[in-house]
Amino acid sequence: MTWARKSLSDRLFDVVLYAAMIFTVVVTLYPFLNVLAISLNDSTDTVRGGIHIWPREFTLKNYETIFQYSGLMTGFRNSVIRTLAGTLIGVISASMVAYVLSREEFQARRLFSMLFALTMYFSGGLIPVYMLMRDLSLLNSFWVYLIPGLLSVWNVFIIRSYINGLPYALQESAKIDGANDFTIYWRVVLPLCQPVLATVALFIAVGQWNSWFDTYLYNSSNESLTTLQYELMKVLQSTQNNADAARNPNMAQNIAAVSPESIRMAITIVVTLPILFVYPFLQKYFVKGMTLGAVKS
């Protein structure tokens, strides 16, 4: 229906709808564009303020300061590896446990669900966890990035709820055809759980990519096991502390020409872009999940 043929109420509804959508887009994009503009603007000019969505004095000095840091490429490589490996084993382990807990013939599933839920509310604390990592010989090891986060109870419950919503007749039919539990899990349940698995994978990937505190606790003395977030944190600290900057002659000249705010914004862009590139590939699974949910209801 064309605009001229619409009634006054329909026109008013369209105007309100378009205004709401434009407002949502502006509110969503403006913070990111503002951060990008500050990261591409000269730091001495940024101090004056007034930077919105376009840099006033364009420069790549802030990014040059970051990428000239010696440990950045090593940290980037380790972050990519831990993100890919951690996401893969995290999704597989969570989906396996969720499948077991969803089986009605598993009589202890309520007990195990309660025990798993208790771990979400109670923790031993930082010092006991550090001692555990030490006793397990995970200090100064890449496995400390993967094993402690091998299983997330929250992800298990999310996947289990999704599996419970699937038609159980599909599993019964596969069992009648002679399929065992592993075959049902791998060839029946997992293909149907692609939307929730993609969502959980994104949660795990973002957590692994943004993690730096475990590097600080367990692998800070081993430069070959550093991560991108930890290295960027050190770059930010060096811009805030002239004494730290003086220890690295290769960066001293560049650091003097930038400000902590400019570096902070550039770091934000560096760590955000990889996740933004991955998200479009998972978007179709989110849409598929919402479609399935609408059909079920």
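Reader: How much space lies in the largest pocket?
Author: Happy to start there, with a note that this is a predicted model: local features need pLDDT of at least 70, side-chain atom pairs need 80 or more, and totals for chains, interfaces and linings use all residues. Residues are numbered from 1 along each chain as its sequence is written, and side-chain values use heavy atoms, without hydrogens or water. A pocket here is an open set of points on a 1 Å grid over the protein atoms alone, with protein on both sides within 12 Å along at least five of seven lines. Taking volume as the space filled by probe spheres set on the points, joined across faces, edges and corners, the largest pocket holds about 490 Å³.

Reader: Which helix gives the most to the lining of the largest pocket?
Author: The lining (residues with an atom within 4 Å of a point) has 19 residues, with Pro148, Gly149, Leu150, Leu151 and Gln208 nearest the pocket centre. Helices H4 (72-102), H10 (194-210) and H11 (213-218) each give two or more residues; helices are DSSP runs of H or I, at least four residues, numbered from the N terminus. With four residues, the top contributor is H10.

Reader: Is serine 39 buried or exposed?
Author: Serine 39 sits in helix H1 (residues 8-39). Beyond four places away in sequence, serine 39 touches (heavy atoms within 4.5 Å) Thr59, Asn62, Tyr63, Ser262, Met265, Ala266 and Ile269. Since its relative accessible area is 0%, and under 20% is buried, over 50% exposed and in between partly exposed (1.4 Å probe, protein chains only), serine 39 is buried.

Reader: Which residues form one aromatic cluster?
Author: Pairs are rings of Phe, Tyr and Trp (its six-membered ring) with centres within 6.5 Å; planes under 30 degrees apart are stacked, over 60 edge-to-face and the rest tilted. Tyrosine 185 and tryptophan 186 are a tilted pair, at 6.4 Å and 50 degrees. Tyrosine 185 is buried at 3%, while tryptophan 186 is partly exposed at 47%. Both belong to the cluster formed by Tyr99, Phe182, Tyr185 and Trp186.

Terms used
On a 1 Å grid over the protein atoms alone, a cavity is a set of points where a 1.4 Å probe fits but cannot get out, and a pocket is an open set with protein on both sides within 12 Å along at least five of seven lines; lining residues have an atom within 4 Å of a point.
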